Amino acid sequence: MEHRPLLPLDKLPDDALAEVEAMLDDGDAQSLILYRQGDGVRAWLNVCPHAGRRLDYAPGQFLRSAEGLLVCAVHGASFALGDGLCVEGPCRGDALREVEVAVIDGQVCLCPA
């Protein structure tokens, strides 16, 4: 199975978050959070482990704390963008579910499972 393009890397500024829809291998379309750090990109399901709700307050609009943490718009859980670990809030110690992506030929791509 080949890598599936999600977003051109140049459309995601450094230290920015973006939301994309992707068809995962289980056949379901899922909302993903992309986070760019330099030339690398991390991705997680757009689902808070606390209550199963989306993290964005509007499609593609995310809250960041003064410390740079990703903040769940519903219950305030705060996640480190380096590893997706919840460091503050009701699901402290849990983590966002990571989705494997790679940057290939200037495109952020979903890696096959």
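**Cores and salt bridges in a predicted model**

At 8% relative accessibility, Asp56 counts as buried, a term that here stands for under 20% relative accessible area, with exposed meaning over 50% and partly exposed in between (1.4 Å probe, protein chains only). The structure is a predicted model, in which local features need pLDDT of at least 70 and side-chain atom pairs count only at pLDDT 80 or more, while totals for chains, interfaces and linings use all residues. Residues are numbered from 1 along each chain as its sequence is written, and side-chain values use heavy atoms, with hydrogens and water left out.

Asp56 and Arg54 form a salt bridge, their closest N and O atoms lying 2.8 Å apart; the term requires a side-chain nitrogen of Lys or Arg within 4 Å of a carboxyl oxygen of Asp or Glu. Through shared partners, salt bridges join Glu19, Glu21, Arg54 and Asp56 into one network. Within it, the side chains of Glu21 and Arg54 meet at 3.9 Å, N to O. This pair links distant parts of the chain, 33 residues apart: Glu21 belongs to strand 2, and Arg54 to the loop between strand 4 and strand 5 (63-64). Strands (E, at least two residues) and helices (H or I, at least four) are DSSP runs, numbered from the N terminus. Glu21 is exposed at 51% relative accessibility, whereas Arg54 is partly exposed at 34%.

A further salt bridge connects Arg42 with Glu98, with the closest N and O atoms 2.9 Å apart. Here, too, distant parts of the chain are linked, since Arg42 sits in strand 4 and Glu98 in the loop between strand 8 (86-88) and strand 9 (101-104), 56 residues apart. Both residues are partly exposed, Arg42 at 25% and Glu98 at 45%. The count of salt bridges comes to 5.

Attention now turns to the nonpolar residues. A nonpolar core is a set of buried Ala, Val, Leu, Ile, Met, Phe, Trp, Tyr and Cys residues joined through side-chain atoms within 4.5 Å. The largest such core has 18 residues, of which Leu6, Leu32, Leu34 and Leu110 touch the most other members. Two or more residues each come from strand 1 (4-8), strand 2 (17-23), strand 3 (29-37), strand 4 (40-45) and strand 10 (107-110). A second, separate core of 15 residues includes Leu55, Phe62, Ala77 and Leu81.

Pro5, by comparison, lies in strand 1 and is exposed, with a relative accessible area of 55%. Beyond neighbours within four places in sequence, Pro5 is in contact (heavy atoms within 4.5 Å) with Gln107, Val108 and Cys109.
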